[in-house]
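Please have a look at the model first.

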Amino acid sequence: MKAPIGTTTQNLCLPLRVQNRSMITITFPDGNARNYEPGISGMEIAKGISPRLASEVLAMKLDGLFYDLNRPVVQDASLVFFKWEDEEGRQTFWHSSSHLMAAALEKCYPGIKFGIGPAIENGFYYDVDFGSKNIIEADLGQVEAAMLELAKEKQLFVRRDLSKAQALQTYMDKGDEYKCELINDLQDGTISFYTTGAFTDLCRGPHIPDTSLIKAIKLTSIAGAYWRGDERRKMLTRIYGISFPKKSLLDEYLLMLEEAKKRDHRKIGKEMELFAFSPRVGQGLPLWLPKGAALRERLENFLKAVQKKHGYQQVVSPHIGQKELYVTSGHYEKYGKDSFQPIHTPQEGEEFLLKPMNCPHHCEIYKLKPRSYKDLPVRLAEFGTVYRYEQSGELHGLTRVRGFTQDDAHIFCRPDQLKEEFCKVIDIVLYIFKTLSFNDYTAQVSLRDPKDTQKYMGGDEHWEKAERAIIEAVAEKGLTTTVVEGEAAFYGPKLDFMVRDAIGRKWQLGTIQVDYNLPERFELEYVGSDDKRHRPVMIHRAPFGSMERFVAVLIEHTGGKFPLWLAPEQAVILPISEKFNDFAKKVCHVLNNSDIRASVDDRNETIGRKIREHEIKRIPYLLIVGEKEEAAELVSVRKQGEGDKGQMTAVAFAAMLADEIKKQQET
Ligand SMILES: [Zn+2]
Ligand SMILES: [Zn+2]
């Protein structure tokens, strides 16, 4: 199980049993084993292997549990070291940096109180109650300087265990109600603390050996965050930062951030007139503008065509459903209170919910007629719009919204069909990635926690079969895959896809989820070859995830320079002056007749200005027409990012584009 590093919870490290033996055996990931004196620390073991390893190692895992490198190892164990290159290493580094930031903040603002300070995907944050004091972004430079000062002091992260009562007393004396609350929530037993210089924090660790490894720091932003994510509680100040073991890594990161800013889908979406938000319509509810809607339609048609080939049937279901439907599906119990509240009819006293998922509707469609084993798999697809409540502070462009359209489908199949169906869905996902040039992707298989199989629904035999089916399917398709135990939903194992975009950021796209729960809840059945009734297995799958999220990722990946077949406008014709408007319109007519999305910009503007404006709109081709062009019946072609492509006839240009589009879709 993947345990988050440094979240302030109970000390998970098991007490180390002292063995009555002269030597202990440590086994390394490559299978090699070495003998050591009991009590040797992880750092001493690293030094024995190589001085270089000792200078780079940040944390270790002993028999699957995280430890500080200075903890004595007293019994036989398997040992894994983590460096900056490893996610575990970076997480430990960043969590340690959050302690360093808290130490610096306490120094700059004595008397402040601390919530939690975990590592995140890129860096770390700390939630702080500044009381009557105030901090603004302009103050962050001073905090960074104080952090670097403290880092240079080479402070150790010193661990100490206290009883729950002692721990509580410490924070009651300090008057820190946040830490008291966290401690109260922990089970009885020892609770660990880490001290760095003058700062002590409730923490289960692990931490890096000392602060001097932190060589470069950037505090990136300040935001408000409700204590424990509960909007009824106090709003704390969240300070985000990131740190590195080398200055050059920070420089690279800042450069990437600059590039990310340029590619921000909210900015590009506005420039290209794809989508907008209106406060009157409501936050988190995107409005798709004509060009965006056309783009979305092209994506939908593209997927529909692939799905049709794979035997999917399109269905359409309404945007609301009776509350009972979601009581049956279990969604009401799980999300009802924390989501949009029921809609009531004025006369009949009926209760409806905005649709949070399409699955219950599809289960009802499946149930409408008796199904035989020969009818399966049934694959029902829908571009289904769903509504989910998100706190206003969590909303972000198209990636976190309150209403979105899933490229959803549900496959109802027999258990023996699972693997084949998985392979087919993987084929669709990979086809999409290829066509849209996401060339760097990985997959994650989420399995049960083998130590706690009780909490999962569906029976051992089914789970084992399904897990094996997924693992075999990804192997057959040659996917780079990580397998994580304990990350599966209670109702079934799943496969997630992560893509890396053009500037190295990771996005989760596409999920394939097995479900034993809904068929049970909706009492779905098919008659088997044995003439008996059986439960089908359900697969939820959405290769794009949602149209909103996918378009956002696609914009950030391509910087708005979509492949030609997808571009909202493929060419704009720019007459040099109004004298050539008629010829421009004639060219446009030829192109439109060849199914090319083209228009004429006949505004009374300079040609220079028109070119600049259309470049911002990422128009793939600009066609300039003036006196020479008209006389020769040619257009001067300018390609986005490549510049001048020479002159050609409108017909030749149309043929060139058709060829380019054909090549893109052949992949
Ligand atoms: Zn900590
Ligand atoms: Zn579903």
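Which residues are linked with Asp601 in a network of salt bridges? The network joins Asp601, Arg603, Glu605, Arg609 and Glu613, where a salt bridge is a side-chain nitrogen of Lys or Arg within 4 Å of a carboxyl oxygen of Asp or Glu.

Please keep in mind that this is a predicted model, in which local features need pLDDT of at least 70 and side-chain atom pairs count only at pLDDT 80 or more, while totals for chains, interfaces and linings use all residues. Residues are numbered from 1 along each chain as its sequence is written, and side-chain values use heavy atoms, with hydrogens and water left out.

By the salt-bridge rule the count comes to 51. One of these pairs is Lys291 with Glu569, whose closest N and O atoms are 3.5 Å apart. Because Lys291 lies in helix α9 and Glu569 in the loop between α16 and β31, the pair ties together parts that are 278 residues apart in sequence; helices here are DSSP runs of H or I with at least four residues, and strands are runs of E with at least two. Lys291 is partly exposed at 23% relative accessible area, whereas Glu569 is buried at 15% (buried means under 20%, exposed over 50%, partly exposed in between, with a 1.4 Å probe and protein chains only).

Helix α9 also packs against helix α13, at an angle of about 145 degrees and with the axes 11 Å apart, the axes being lines fitted to C-alpha atoms over the stretch in contact, and angles running from 0 to 180 degrees between N-to-C directions.

Terms used
Chains are lettered from A and ligands numbered from 1 in the order in which they are written.
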